[in-house]
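Work through the two exercises below with the structure open beside you, and try each task before reading its solution.

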Amino acid sequence: MQWDIVIGLEIHVQLATKTKIFSGSSTAFGAGPNTQASAIDLAMPGTLPVPNEQAFRYAVMFGLAVDAEIGRRSVFDHKNYFYPDLPRGSQITQMDHPIVGPGFVDVDLADGRRKRVRIHHAHLEEDAGKSLHEDYHGMTGIDLNRAGTPLIEVVTEPDMTSAEEAVGFARKLHSLVTSLGICDGDMSQGSLRFDVNISLKPKGSDTLGTRTETKNLNSFRYMEQAIAHEVERQMDILEDGGQVVQETRLYNGERDESRSMRTKEEANDYRYFPCPDLLPVVIDDAFIQSARDLLPELPDDRKARFKEQYGLNDYDAGLLSADARLAAFFEETAKHGQDAKLAANWVLGEFSAWLNAEDKTVSEAPITGLQLGQLVARIADNTVSSSGAKKVFEALWNGDSDNADAVIESQGLKQVSDTGALEKMVDDVLAEMPDQVAQYQQEQDPKKQKKMLGGFMGPLMKASKGQGNPKLFNEILVRKLGG
Amino acid sequence: MSISREDIEKVAVLARIRVDDAQISALESDLGNILNLVDELSAADTENIEPLSHPLDAVQRLRADEVTETNRREAFQAIAPATEDGLYLVPRVIE
Amino acid sequence: MHNKSVAELSRDLESGNVSSVELTRDFLDRIKSEDTKYNSFITVSEEQALADAKAADEQRAAGNATVWTGVPFAHKDLFCTEGVATTAGSKMLANFVPPYDGTVTANFRQAGAVCLGKTNMDEFAMGSSNESSFFGAVTNPWGLSNEQKRVPGGSSGGSAAAVAARLVPAATATDTGGSIRQPAALCGITGLKPTYGRVSRYGIISFASSLEQGGTMARTAEDNALMLNIMAGFDPKDSTCVDRAVPDYTATLNEPLKGLKIGLPKEYFSDQLSPAMEEQVRNAVKEYEALGATVKEVSLPNARLAVAAYYVIAPAEASANLARYDGVRFGYRCENPKDLDDLYTRTRAEGFGPEVKRRILVGTYALSAGYYDAYFLKAQKVRRLIQQDFINAFKDVDVLMSPVSPSPAFVQGEKSSDPVNMYLEDIFTIAANLAGVPAMSVPAGFVDGLPVGLQIIGDYFDEARLLNAAHQFQQVTDWHQALPR
């Protein structure tokens, strides 16, 4: 049987506010356990929540960026359940009246299609703390520093039909929230957490199948794997005539396997009701305008500008514009690099490869856009060859120096561009290779001739100890052999 | 309106309050009486009436995003039932 | 000395007739010798009180005194006091010593008042007789001669009994469904529940957030005004607290009442009220007529639904507010929990008393899937109808007057076995909480030798008018001065 895959996402986005959603505690990462848990965060008796204005501003910015309706009157609700990392015994969230209403995000896919994913809504809520399962005499330790960190939970419509679309959307959302500056985007620290709802239905059917929710996927790669894994699992069940159970599953990326999460209450009954300690939040035109004024350039606009301003192709412009920090790094590189396309190649090539190899983010890179730009400028003006430039890059990355010119100088990587010296070398090499010269000159097909030039380049580079400018060698060869 | 033993057991699980059989019998009668009292509501005509969550028709104030809390872990954990290394301890949580 | 009002004690301190340390010692001694009869205090913070009194005397000597500097009082044990146990009358918080002050607590501290201790109360403010306290029932100072112990009312029964027994001149209290007015009436003192949002709830251990309000208890209306002067006001820590100027509530106490328009809600003079009680209330209204007020009958057609709406909304809010008591971060924790579920269910089963558990279970039920619309949403709609009744009534009249409770103080144990019967104690008081309007209880006579209270309900933020009406009444009557017997 043929199946349609139906995917919807729920994304928890940690907002980059200085303080928590309901208290003036710092949200800075990495503090000692429970040192950023105030009486309010601990839900101590008599304490009361007061909402953070910046959390609302960030949520409204997100809403504007996804062309959503802004909830003019949003209401906080209690979601009641017991868990040790939830101090109040209820999570304060927004159930019926969220801050962000329906909107959409357009995702550009690899095959050039543009996929529209509708946003059902996004609401503000508080994050929970963390349970540390190391052994404390058979006990679990609870750190409530994260409790009360503001989140927006973005809920999509079940519009995605493949892992590619889902991951494309996830990347786009990541790109949006980091470009807006409302989230640091660090998935390994849980700043952005994806839950994937998946169901299958017979091809063409209008009836949705039973869905499962796979939780807490902390990388795009795991997300892609988890979807493939879950689709296959459901397909196996359905094709064996079984029924998919509606449940929450935990995916283990390292083992590529998933399991059902055990829950004591078969059916959770969260008993939502308006939180009586808080009043309706009314968002007026002035507030929306103040959020609009803060909107930076969004990825789609940036992509268009990169194509226009730097003459980049659609693919490169898309890659470079998606991540705000990568985009900024590229622009700095291009600014100092003289040649924007060359800068793009180096940012997407060498630079990205090193980031990947060392599992670093753009902001953790040991090299700056200015430094890479200076190097690109030296490639552009033929001071250094591509292979020489890779050595310079490595030296800059490893911190041996902070300046490309200094590395070129100290490692003797400067290309020889003195035509007199190069002509002499060409003459010497050609004299040593009379057979190849004759072959070349007898060849009628210019394509094959061009290929045969490569046979002289090896000896020439060797003669120049790798420092001859290949472009100039090429020109001289063509002239001499043709003459 | 009466409330069944099953309802009481279900609600006690949701509220995380252990009740034994003898208590359930007492609760059946007490909660049943309370629900009878509350059932007077069903007679009220509330068509087109908006629910009232709050006596004052006021709007939420928002707080500036400024750190106002300091680390008071020592004072807070001095009154906690079980802590170690700055963590609150609970029986092992199995996900 | 202990028969004096806050105003009088303040004048004595000002004139130097007595020092705060002397006054504080005097009251502490009295608590020690007398409170064995009433059990009105859970904690007496003697050391702290004497230190505060000494500081107050120094402050007065330095010329920085307020009306309250050096005046002794007590807090209901629901108000968080830094360094002094705050139990909410519950085993759950028997060992809870808050590392912070609430806003009201801080206000009294700032004014230089001397807190003698924390008064007994129904567990988590749930009750109308003060019999649900983990620390034992409170005995009403009235009616003791009959050798039948009577309840002081609740939930602020400890504060009411302590003030009536002259153990303190004033005490804070809270009122979620009548918990200031009913015990004030049953103990023959004066109490005020302010408008919802007038007094910060920060630091008051919460039971039903949209209904409860901190308020005042003392023997005179003037002392209630002095209390409200330092309790009322905006607090950025409480989202439900209103940013609105606070008048000097003592400034208008002596306004004449000529032309005051009094409404008598006919639903509050029903057959639930004994004829003897009704006579006392009607006599009090006659006093007001003599003072120049006009009286007319008004209607609160939905008032009969108030108790039903309340016993959905209050338990629902309580079920969420009391979910924080899980044995993890503070308060009671069961011995040797074998797993997480055991920790939760046993901590909560052992830490909460029967009435608290009943209300949590009712509230959980009312919010659970399939019942939300029929119970919670319906109750909220009825709540709006009740509020509308008050808004309509105040188009015609300035204040409403009624009885506070259907009967005077009853004998301990008489109603504690039947929760619903107990709930009907608050039949006349609950509607004001649902609407959020201010209301007072003023001593207005006796039935069978037991005090009777007159309830005065005002329009939103009209506390000054209530206090003025109560004060003028107390200039021509002396019910509030009567000594318990």
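**Exercise 1.** Decide what radius of gyration a compact globule with 485 residues would have, and how the value of chain C in this predicted model stands against it.

*Solution.* Begin with the rule, which for 485 residues puts the radius of gyration of a compact globule near 23 Å. Next take the value for chain C, which is 21 Å and therefore agrees with that of a compact globule. Then turn to the extent of the C-alpha trace of chain C, which spans about 65 × 55 × 50 Å along its principal axes. As for secondary structure, chain C holds 15 helices and 11 strands.

**Exercise 2.** Describe the interface of chain B and chain A, from its extent through its polar contacts to the elements that supply it.

*Solution.* Start by counting residues: with contact taken as heavy atoms within 4.5 Å, 35 residues of chain B touch 55 residues of chain A. The area buried between the two chains is about 4100 Å², and carbon and sulfur atoms give 58% of it. Now look at polar interactions, where 21 residue pairs are in polar contact across the interface, while the count of salt bridges between chain B and chain A is zero. On the side of chain B that touches chain A, α1 (5-15), α3 (73-77) and β2 (87-91) each supply at least two residues, and the largest share, five residues, comes from β2(B). Sorted by class, this side of chain B has 16 nonpolar, seven polar and 12 charged residues.

Terms used
Residues numbered from 1 in each chain as written. Chains lettered and ligands numbered in written order. Predicted model: local features only at pLDDT ≥ 70, side-chain atom pairs only at ≥ 80, totals over all residues. Heavy atoms only, no water. Buried area = accessible area lost by both parts, 1.4 Å probe. Salt bridge = Lys/Arg side-chain N within 4 Å of Asp/Glu carboxyl O. Polar contact = N/O pair within 3.5 Å; in protein donor to acceptor, adjacent residues only side chain to side chain. Helix = DSSP H or I, 4+ residues; strand = E, 2+ residues; numbered from the N terminus. Nonpolar A, V, L, I, M, F, W, Y, C, P; charged D, E, K, R; others polar. Rg over C-alpha atoms; globule rule 2.2 N^0.38 Å.
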